[in-house]
Amino acid sequence: MKNYITHRTNDLLDDAFDSFFRPFYVDQESSFMKTDIKETEKEYALDVEMPGFEKKDIALNFENGYLTISAKKEASEDSARYIRKERAMSCSRSFYMGDVDEKQIKAKYENGVLLVTVPKERKEESKHAISID
């Protein structure tokens with residue numbers, strides 16, 4: 001998962017304020033799209049935190065065994081001058097799901113949380129002896 005937040009200034013005073021408000025350590029990789037994943041016999045269930053995004057901002061794609069969740073919102077025409085801005089305008093995260101029934105994936109978005117249900121693909125268990133050459 002990659003998240004990019006940049007803040008560039010040319011003013012020395014702005015740089016001083018920026019370092020004052022900067023925390024000592026921020027793990028930006030884990031600060032967006034925190035996800036809980038549950039597994040049952042029949043499915044995987046993902047609860048993805050996406051506060052600040054609307055349903056129309058979110059996209060889900062499944063390709064080559066990977067479920068990718070991404071969100072992007074348009075920049076507002078805000079005239080305020082921020083000292084620091086940490087809210088994400090876009091983010092993306094991918095999960096390898098393996099053998100799942102991709103056509104039956106369902107998603108629901110409510111209260112800032114995306115709920116994704118991914119049914120497992122049913123495989124017939126087979127048992128057979130393998131000859132050794």
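**Strands, sheet and core**

Modeller: A107 has V116 in β7 as its bridge partner. Please note that this is a predicted model, in which local features need pLDDT of at least 70 and side-chain atom pairs count only at pLDDT 80 or more, while totals for chains, interfaces and linings use all residues. Residues are numbered from 1 along each chain as its sequence is written, and side-chain values use heavy atoms, with hydrogens and water left out.

Biologist: What makes β2 and β7 a pair?

Modeller: There are 7 bridges between β2 and β7, in the antiparallel sense.

Biologist: Why are β3 and β5 called edge strands?

Modeller: The open sheet has 3 strands in the order β3-β4-β5, with antiparallel pairing. β3 (58-63) and β5 each pair on one side only, and are therefore the edge strands. Between β4 and β5 there are 7 antiparallel bridges, and Y66 has Y96 in β5 as its bridge partner.

Biologist: What makes a set of residues a nonpolar core?

Modeller: The set must consist of buried Ala, Val, Leu, Ile, Met, Phe, Trp, Tyr and Cys residues joined through side-chain atoms within 4.5 Å. Buried means under 20% relative accessible area, with a 1.4 Å probe and protein chains only. The largest nonpolar core has 19 residues, of which L46, M50, I69, M97 and V118 touch the most other members. At least two residues of this core come from each of β2 (43-49), β4 (66-72), β5 (90-96) and β7 (113-119). In soluble globular proteins, nonpolar side chains tend to be buried together.

Biologist: Which residues is L46 in contact with, leaving aside its neighbours within four places in sequence?

Modeller: Contact means heavy atoms within 4.5 Å. Beyond those neighbours, the contacts of L46 include I37, L67, F95, M97 and V118.

Biologist: How many residues does the protein have, and what share of them is buried?

Modeller: The protein has 133 residues, and buried ones make up 22% of them.

Definitions and conventions. Buried means under 20% relative accessible area, exposed over 50%, partly exposed in between (1.4 Å probe, protein chains only). Helices (H or I, at least four residues) and strands (E, at least two) are DSSP runs, numbered from the N terminus. Two strands pair if DSSP finds at least two bridges between them.
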